[in-house]
Amino acid sequence: MTETFDIAIVGAGITGCAIARQLARYDLSICVVEAANDIALGASKANGGLVHAGYDPAPGTVKAQVNTRGCELYGTWAQELGFLFRRTGSMVLGFNDEDRAQLEQLRRNGLANGVPELSIIGPDRIHELEPRASADATCALWCPSTGFVDPFEVAIAALENAVANGVTFMRSAPVEAIEVAGSGDDGRFTLATPAGNVRCRYLINAAGNGAADISHMAGAEEFQMVWRQGNIVVLDKEPRTLMPLYPVPTPVSKGVIVTGTVHGNTVITATAAVREPGDTQTYASDVNALLTGARKLVPDLDTRRVVRAFAGGRPVIQGTNDFLIGQSAVVPGLFHAAGIQSPGVASAPAIAERMEHVMREAGVELHERADWNPIRRAPDDFDRAPLARKEELIESDPASGQIVCRCETVPEAEIVAAIRRQPGAVSVESVKRRCRAGMGRCQSGFCQSRVVAILARELGCDPSEVLLEDAGSWLVEGPLKGVR
């Protein structure tokens with residue numbers, strides 16, 4: 001079966017989902033084609049969630065332009081799409097005169113990139129802003145506009161809003177071949193996938209670490225991706241959320257960063273090592289480097305409170321440290337959003353905005369729909385709700401009083417809602433990303449079996465068919481004792 005659209009977007013990471021949301025306001029048929037079975041299963045998932053302000057990229061680069069603008073847009077996007085975002089500010093800590101000189105260079109970079117209110121501060125101000133910052137820090141770059149999000153929550157929210165505005169989401173559909181017809185053909189590109197073929201007039205390559213393959217299949221630019229792996233460590237929740245603290249960056253990395261999260265955990269992010277494509281293993285040497293680097297910034301950090309360590313790969317284009325955003329110079333109608341490494345999360349809203357401008361300049365007609373709705377209502381969060389709201393939720397649905405995940409106080413009603421939303425959860429981990437069931441200190445030790453049972457009931461399948469994550473990741477085999 002072949003479906004025809006005006007635009008097909010390959011990749012449902014934060015970049016592809018943001019672009020889908022941006023373009024959904026126009027009178028066009030759009031399909032997001034994703035190789036995995038859910039949203040944000042690539043680089044967007046293995047991410048610390050920092051909304052970097054934009055002082056790090058070299059002035060004049062595409063990175064610099066979209067980073068600063070993306071950070072600026074996050075307040076509006078969070079308000080419209082209902083995801084959690086905290087703009088806490090951040091500090092890059094320096095420990096000697098050489099560090100101070102580099103901080104001055106970062107400040108000049110930031111001013112050239114349009115980052116507001118940057119300043120170099122001393123020890124008294126450092127400890128006023130973040131009392132747990134190292135007492136050995138002699139200076140810091142203070143940046144009030146930095147913040148953090150859950151990157152997969154942003155991607156899910158953006159695609160939910162896009163789907164509510166008519167966008168089609170095709171999951172479990174890896175692109176196996178691309179046929180390119182003549183320029184006058186209304187269905188110029190035909191994408192072959194196991195889930196069916198997709199024909200489109202315009203093709204947007206937002207395939208993350210698979211972007212080079214998509215470009216090659218379309219007969220466009222030949223480039224190679226480098227798998228720059230990053231290990232990340234998550235610590236249990238703290239009474240007070242830490243401000244993001246950075247070391248002085250290196251030429252290839254922002255270094256080991258300690259930051260809070262929107263849910264109160266502490267994250268140590270991230271190493272940067274070139275490894276074999278697809279390597280998501282965590283390495284003891286990398287984890288030790290993270291813990292050592294974190295203690296330099298926050299000496300009293302209790303690194304025994306690790307609840308999870310994970311890894312992913314940044315989609316870096318070989319030979320450049322910049323983003324590739326624009327129409328292909330080889331194949332008209334093909335648009336790239338490739339090489340979106342750090343600061344990809346921070347830049348996502350502005351990458352989407354820039355893609356719209358690029359398409360307009362290429363002659364794509366964009367007429368705003370009369371029924372465009374930019375608002376996505378956030379799902380209920382029982383854990384964060386005041387007592388009166390908790391009582392209302394339980395009265396309206398008794399399943400709101402049935403707590404499944406004790407660590408994060410997630411009731412059955414929220415898990416059901418996560419599955420039924422469009423596009424909804426289809427695995428244990430996709431439930432986890434939507435409502436945090438299994439995200440707490442026991443990491444699903446208590447609630448996983450109940451989540452499996454709820455998924456089986458809602459999806460109309462046997463518990464043995466429920467997946468942990470993507471295709472092939474079955475959790476159980478054979479009859480389950482005690483599952484009703």
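**Before you start**

This is a predicted model: local features need pLDDT of at least 70, side-chain atom pairs count only at pLDDT 80 or more, and totals for chains, interfaces and linings use all residues. Residues are numbered from 1 along each chain as its sequence is written, and side-chain values use heavy atoms, with hydrogens and water left out. Helices (H or I, at least four residues) and strands (E, at least two) are DSSP runs, numbered from the N terminus.

**Stop 1**

Two packed helices are described by the angle between their axes and the distance between the axes. Axes are lines fitted to C-alpha atoms, for helices over the stretch in contact, and angles run from 0 to 180 degrees between N-to-C directions.

Select helix H1, residues 14–23, and helix H8, residues 344–361. Their axes lie 8 Å apart, and the packing angle is about 50°. H1 is therefore oblique to H8. Angles under 35 degrees count as roughly parallel, over 145 as roughly antiparallel, 65 to 115 as roughly perpendicular and the rest as oblique.

Now look at the hand of the crossing. H1 passes H8 in a right-handed crossing. A crossing is right-handed if the near helix is turned clockwise from the far one by less than a right angle, and left-handed if anticlockwise.

Show the side chains next. Contact means heavy atoms within 4.5 Å. On the H1 side, the residues include Ile-14, Ala-18 and Leu-23. On the H8 side, look for Val-345, Ile-351 and Met-359, among others. By class, this contact of H1 with H8 has ten nonpolar, two polar and two charged residues. Ala, Val, Leu, Ile, Met, Phe, Trp, Tyr, Cys and Pro count as nonpolar, Asp, Glu, Lys and Arg as charged, and the others, Gly among them, as polar.

**Stop 2: H2 against H8**

Among the contact residues are Val-66, Gly-70 and Trp-77 of H2 and Ala-348, Pro-349 and Ala-352 of H8. The contact of H2 with H8 divides into 13 nonpolar, four polar and three charged residues.

**Stop 3**

Select Ser-342 and Pro-343. The peptide bond between them is cis, with omega near 5°. Pro-343 sits in the loop between strand E20 (334–338) and H8.

**Stop 4**

Go to Thr-269 and Ala-270. Their peptide bond is cis too, with omega near -15°. Ala-270 is in the loop between strand E16 (266–269) and strand E17 (273–274).

Then pick Ala-40. Is its phi positive or negative? It is positive, near 60°, in a residue other than glycine. Ala-40 lies in the loop between strand E2 (30–33) and strand E3 (50–51).

**Stop 5: two cavities**

Rolling a probe the size of a water molecule over the atoms shows where empty space is left. On a 1 Å grid over the protein atoms alone, a cavity is a set of points where a 1.4 Å probe fits but cannot get out, and a pocket is an open set with protein on both sides within 12 Å along at least five of seven lines; lining residues have an atom within 4 Å of a point. Grid points are joined across faces, edges and corners, and a volume is the space filled by probe spheres set on the points.

How much space lies in the largest cavity? About 50 Å³. Select Tyr-55, Val-92, Leu-106 and Pro-249, which are among its lining residues. That lining has six nonpolar, no polar and two charged residues.

The second largest cavity holds about 40 Å³. Its lining includes His-52, Gly-54, Pro-57 and Asn-67.

**Stop 6**

Select Pro-379, Asp-380, Asp-381, Glu-414 and Arg-434, the closest to its centre of the 38 lining residues. Helix H10 gives the largest share of the lining, six residues.

**Stop 7: H10 against H12**

Finish with H10 and helix H12, residues 448–459. Their axes come within 10 Å and cross at roughly 45°. They are therefore oblique to each other.
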